[in-house]
Each structure stands twice: as structure tokens, then as C-alpha cells.
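Here are my notes on the model you sent over.

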Amino acid sequence: MNGGHDLGGQHGFGPINPELEKKSIFHHEWERRAFAITLACGFLGKWNIDEARHAREFQNPVKYLTNSYYQNWLYGLETLLVKKGLITEQELLSGKSHQSNNGRSVPGAERVREILASGGPTNIEDARVPRFQYGQQVKVCNDHPIGHTRMPRYTRGCEGVIDRLHGVHVFPDKNSVGEVDGEYLYNVRFEAEALWGEPHKGQGSVHVDLWEPYLEET
Amino acid sequence: MPHDGEEFTEPPSDPALRVKALESLLVEKGLVDLEALDVLIDTYEHKVGPRNGARVVARAWVDQEFKLSIQKDCSAAVKKVFGFQGRQGEHIVAVENTSKIHNVVVCTLCSCYPWTVLGLPPVWYKSAPYRARLVQDPRGVLAEFGTCIPEEKDIRVWDSTSEVRYLVIPERPIGTEGWTEEKLSMLVTRNAMIGVEFAKEASS
């Protein structure tokens, strides 16, 4: 979707405001809790990373951009919990439980490290032949899917060169609606001029990971 | 120059109340374990952070064989040597800065970041200005960090759009010949491994 989250190349946001490394990565106690309950609810296995991303980005862009980072996480979590039937809208509004979790056992503290350590690899063993080869010139499709996609707007219609072949990875556009499907993933190198025009000639390059369905031959 | 910025908007108390209510509800319903939440926070606030990545970089500076192994499969190499593994570090690619190339990493679509070696990203990395501007004006953005990239150096921006995570291996500072790995790691900052700064100078 062409949402408020797709920020590459947008203007008007002002300076960066870097922070020192020694500063805590959380600025408020509620951010710690929002982070932790989001990860812990993820352990329930009711949604995948692309569904989680889509839940955060599928908002009015004004809202997405006005929210702080963890406010968007919180919005995404509330949305998924209700959508997946783990809590009801009424429970969310009242803060009171109306039904138990039907005896589901949830990972306790002793299992957290093991779950984090195993992670969630997205590569898929698949012997298929990639459509594009290293060094090949490709073009990003001028496509504007209304669902979740990881094809940034600023790359669409632009030409680049295949720089790396990452193998077959889970395809986010389908994963976000619960369909596990693998597609070849490439790293594509775009000269700055190809993305931003003549004044950016010689200003380096941008490397973007793009799945095969996002790309076409030139 | 980097500063201890407090300029981010103070959120209204609303999210604090919402989170508290949601957490209570989840605990009451048995959907989350309170102690598990504490372990999660402690892990990413105190245990997993950029000092992990600094050890990886320092090792790459002194050990050619290790450097080759992280170029081949960084996730496997850092798991084998340091035990850093798991969530948001499953597919790490190390990109090396040289006298001719400067690499810098962003996630324009959200906040993808190599957690296993750098921990959670700083606020500015997740914020709109950095996500919007880096891909179009990397030199201008780096200048805001006090980092000047000479015109003759090729600048490469890595937009983390997939589950592949990019880790910048900064150039080893001059004048550090014979330094121990531990001493070298003190020169490796989080920002240097994102690529918005160089490693600290030997005299620092």
C-alpha cells in the first residue's frame, strides 16, 4: 500500500536529531511495556512479521506519521489481537476480561531466551533457477498494490543492476495475508541518478532488496 | 554534531494508560507471562546491544580468516564465534567500508535493524527524517552526524526492505597497529556500524 510508512524520498521532516549511544533506547516506561507485550504476543504464533508490519502501516497516513514509534506498535498489536480473536473489542475498550484463554499455555520467562535465539529465518530451501543473474539490468514494476508490499515507492519504474542473489525468501505480499510462498530475493543497486534524476549524478548508489515479482527485464 | 536530543515529542499520557490496561488484560487472560515480559525488556535494554557488534568488528580487523567468514555468511560466523544469534539477525550481510567505499544503512519502510549485533535501533533511526532523507541525500544526512564523506568516495546506502540485515564494518582507524581486540572494540560505536559515523580515532 502507498501508506504513510513508505518514507524514502519524502521531504519536509526536518533534521535528524541524533542521540548518544549511552542513552536508553526506551524513553518512557510505557515503551518498555509496549515492546515487551508485542513480542510476547508474537510468541503466541497467531501472526507473522508481515502481518504485524501491515497492521502498523494500515492506518490513515496522518495518524501513522503523528504517532510515535511505539504508539504505532501499540495500534498494530491491538488491531491484531482483536482480528485474531485473542481479545474482543469490548475487552479492549473496558480493559476487563470477559473470557478466559481456554487453557492455552504461554511461554514463560524460562523459554524467552530460547525463542529469541531460534529467531525466524525466512529463507526457503528451493532449487528453482533465478530469473535474473548477477550484473543484469532490471526495472522495478510500476505497480501500486493496495495490500502489504516491500517495494518502496521511490524505486518503482526505476532501473538498477542485480548486485546479490539472496536465494528464495518468504514473499511479504502474500505472507501478510497468511499465505506462505517463496520468491527469489535479489539486492538491486540503483545509481542515485536513476532514482532522483540528473542533479544526483555521481552521488553514489542505493541498494534495495527486492523480490522477483517486483522486477522485470529491461 | 550528535547531541543528547530531547526534542522528540512527549507523547500524551494516553498510550501509557492504554499499554497498562492492555497489559493487565493480557495477563488476566493468560495470554502473556509477566516474568517473560521482564526478561524481554532486560534482554534488549541491558544484554543485547552494540557492544556485541563492536566485538565482531574488532575481530574482523585483526583476524583475516574471520573477516572472510563474515563476508561469506555473517550470521553463521557470529553465531559460531560469539554465540550471537536469533531474532532480527537471521540473515546478516556485512558490508565493509574501505578508502574508496562508504556504506550506510536505513529502513525506509519501517525500522529493520540487526538486533543480534546492535540491539534495538535508536529513536532517530526509526524516525521519519532519517527514513525519508538518507536514500536521497546521504551526504547531507551524514553531515548532520558530523561525518564528512569526500566527493571521491563512493557512498552506498542499504535500504533494509527484506529480512536481510546489513552491518557496516567501519575502516580500522590509523595508528592502532598492535592494539588488542578489546581495546580496538572501544573505538567501534553503534553509529559507525550503522554507517553514519566513522570508528573513533586512536587518540580518542
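1. β4(A) is joined to strand β3 (residues 154-159) of chain B by four bridges, and the two run parallel. Within this pairing, Val208(A) sits opposite Asp159(B) of β3(B). For the terms: strands (E, at least two residues) and helices (H or I, at least four) are DSSP runs numbered from the N terminus, and two strands pair if DSSP finds at least two bridges between them.

2. Some ground rules. This is a predicted model, where local features need pLDDT of at least 70 and side-chain atom pairs count only at pLDDT 80 or more, while totals for chains, interfaces and linings use all residues. Residues are numbered from 1 along each chain as its sequence is written, chains are lettered from A and ligands numbered from 1 in the order in which they are written, and side-chain values use heavy atoms, with hydrogens and water left out.

3. How much of each chain is involved where A and B meet? On the A side 92 residues are in contact with 87 residues of chain B, contact meaning heavy atoms within 4.5 Å. The area buried between the chains is about 8100 Å², and carbon and sulfur atoms give 59% of it. Buried area here is the accessible area (1.4 Å probe) that two parts lose on being put together, summed over both. In chain A, the residues that lose the most area to chain B are Ile16(A), Pro18(A) and Glu21(A), together 9% of what that side buries.

4. Now the polar side of that interface. Chains A and B share 37 residue pairs in polar contact, both residues at pLDDT 80 or more. A polar contact is a pair of N or O atoms within 3.5 Å; within protein, one must be able to donate a hydrogen and the other to accept it, and residues adjacent in sequence count only if both atoms are side-chain atoms. On the side of chain A that touches chain B, α1(A) gives the largest share, ten residues. By class, that side has 43 nonpolar, 31 polar and 18 charged residues. Here Ala, Val, Leu, Ile, Met, Phe, Trp, Tyr, Cys and Pro count as nonpolar, Asp, Glu, Lys and Arg as charged, and the others, Gly among them, as polar.

5. On to salt bridges (a side-chain nitrogen of Lys or Arg within 4 Å of a carboxyl oxygen of Asp or Glu). One pairs Arg32(A) with Glu45(B) at 2.7 Å, N to O. In another, the closest N and O atoms of Glu23(B) and Arg33(A) are 2.9 Å apart. That pair joins two chains because Glu23(B) lies in helix α1 (residues 13-28) of chain B and Arg33(A) in helix α1 of chain A.

6. Within chain A, look at domain 1 (29-118) and domain 2 (137-217); the bounds come from an automatic or database domain assignment. Their centres, taken over C-alpha atoms, are 29 Å apart. Six residues from domain 1 and seven from domain 2 make the contact. The two domains of chain A bury about 610 Å² between them, with 43% on carbon and sulfur atoms. The domain 1 side has no nonpolar, two polar and four charged residues. Even so, zero salt bridges turn up across this interface, while four residue pairs are in polar contact, both residues at pLDDT 80 or more.

7. Last, chain B on its own. Chain B has ten helices and four strands, and its C-alpha trace spans about 55 × 40 × 35 Å along the principal axes.
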